[in-house]
Amino acid sequence: MGKSAPQQGDLVVALAQIATCPGQLQRNLDRHLEMVAKALEAGAHLVAFPELSVSGYLLAHGVLEHALRLDDPLLSPLLDASRHAAILVGLPLREPHGGISNAAVLLEGGEVRGVHRKLYLPTYGMFDEGRYFIPGPRLEPLTCSLGRFGVLICEDAWHLSSSAILSRADLDAFIVISGGPSELDLGGEPAGGRRWHWILGAVAITTVTPVFFTNRCGWEEGVLFGGASWAVDSRGATIAGPAPALEESLLIAHLSRAAAARARTLTPIPYAERLELWSAVTERRDA
Amino acid sequence: MLELPPVNVQLLARALEAFLAEELRASGLAGYFVGLSGGVDSAVSAALAAAAVGPEKVRALALPGPASSPESLRDAQTVAKAFGLELDVVDLGRPTEALAETLGARADRVRFGNMMARLRMVALFDRARPVPALVLGTSNKSEILLGYSTLFGDAAASVQPLGDVWKTHIFALAQVLGVPDPVVAKSPTADLWPGQTDAGELGFDYPTVDPVLYWHHEGGMGRDELAASGFPPALVDSALAAYRRNRFKWRPTVVARVSASCINVDRILPRNPER
């Protein structure tokens, strides 16, 4: 919970850390609806779910069976629920002209408000996303009546250029949805949660933009996911969480838009970002 | 000397319990069936399963053979009692002897030992069927990497909660889970012939070899780097030889791909879709 009392105009975001099961879509959908109901009771305006929350993460070629179109009847209950709060879900999206995207879909008022397709598909170590998905073509904010959100899917956030670019788009907040696996070490929580803490803290502080992070927890196909969902303000202070690593949780985070705007006025780092330097390096390398 | 990085065993135990709970839920089956050898691996597996799904959903079998030591059965009974598990004892002595006689394998202790291990697998899967239950594996990462197991014998199971856990860490897990001390303290053995121990057959014990395997398998260090970092060259050579020689056991079978939809090559699919 936020440290100060909620004010008029605050945004209340629910981070639904759920344990999905690959290929058990009806079960996963039921978990969504249960979490949305709890989030509404807590006064949430927006409920964010993890990456591929509808289908499960380790589908592999199961995406061929389980990829959805945006008008799939399976999504109807979520669209209905979105009349009460905006909902951000992750799913394998069957593209009209072929290919399947790893997508984040923003629902509000019974409609699809926007889709972000994952840009960076990790294909190394245990990851094989480049084999099953096509990469997203563009990076732009998703908007709904609640504001403008920089939505990133897991590996997207590991490329700091994603947040640097989006930070110039007058965002209200970043929402990072993830299916982040983790190993265990001597720490009291899975190691992945610590890595996310560093990355998301850096994103929030360097872009002076709040970050909402929802990760999945639990096990799929023998792979442990690290949870640790978290909300952090634009100065790096915790708003809510981190959620416990191994348990399903619903975090309720209050964001003060006024405080976020003040922070960007006092610390206008993103306005000074010289994105042309990035392209200059690329041009020199390719010359 | 390089060491095996430590792990938070309390968190490891909680995570593995969650794994066993989820695998059972996703499978739709009713419980687990575990073979208790009287050793630390099966004791840890059983303790994790009992904590994960409740002891009433975990059934145990002790499967002594003609050469099993009496302490093994006693220790299996101690473990079952410690974790509240119902234990059946099935003496595999006569069937193993009979099959060995039929196949002419009695004089070869490795063939006889493998047969014993595979008959234990037969018993576990048979008893699991009517429950219906998943067969709970007890193999650990160290023995899998070294190939110190019987293919389709003790290596066969529905789930392997310890398959990515170093044996060194299993001793630590045993302590936090409350495995009785005599079971933790005794020398690891497959108990396939009198006096057999893992260390006697492998030529090294697990706390000695685990750091070598870790820095090679996960750390990416080659033979010369390992030796230069202080590991005895004979230990390194012996460990890496087993690591290479028995690698076929990591993937127990290979399917000849002759189509564009070869199972587990062109089509890797989740194990437990909605039914």
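Biologist: Which residue stands opposite A:L46 in β3(A)?

Modeller: That's A:A86. Bear in mind that this is a predicted model, where local features need pLDDT of at least 70 and side-chain atom pairs count only at pLDDT 80 or more, while totals for chains, interfaces and linings use all residues. Residues are numbered from 1 along each chain as its sequence is written, and chains are lettered from A and ligands numbered from 1 in the order in which they are written.

Biologist: What makes β2(A) and β3(A) a pair?

Modeller: Strands are DSSP runs of E with at least two residues, numbered from the N terminus. Two of them pair if DSSP finds at least two bridges between them. Strand β2 (residues 46–48) of chain A and β3(A) have three bridges, in the parallel sense, so they pass that cut-off. β3(A) also pairs with strand β4 (residues 100–108) of chain A, antiparallel over eight bridges, with A:R94 opposite A:I100. Five residues lie between β3(A) and β4(A) in their hairpin, and A:G98 in the turn has a positive phi of about 105°.

Biologist: What makes β5 and β14 of chain A edge strands?

Modeller: The open sheet has six strands in the order β5-β4-β3-β2-β1-β14 (chain A), with mixed pairing. β5 (111–117) and β14 (249–255) each pair on one side only.

Biologist: Over in chain B, why are α1(B) and α2(B) called roughly perpendicular?

Modeller: The label covers 65 to 115 degrees (under 35 is roughly parallel, over 145 roughly antiparallel, the rest oblique). The axes of helix α1 (residues 9–27) and helix α2 (residues 40–53) of chain B come within 8 Å and cross at roughly 65°, and therefore the two helices count as roughly perpendicular. Those axes are lines fitted to C-alpha atoms over the stretch in contact, with angles from 0 to 180 degrees between N-to-C directions.

Biologist: Which residues make the contact between α1(B) and α2(B)?

Modeller: Contact takes C-beta atoms, placed from the backbone, within 7 Å. Among the residues involved are B:L16, B:E17 and B:L20 of α1(B) and B:L48 and B:V53 of α2(B).

Biologist: And how many residues of chain B are in contact with chain A?

Modeller: On chain B there are 20, and they meet 23 residues of chain A.

Note on methods. Contact = placed C-beta atoms within 7 Å. Helix = DSSP H or I, 4+ residues; strand = E, 2+ residues; numbered from the N terminus.
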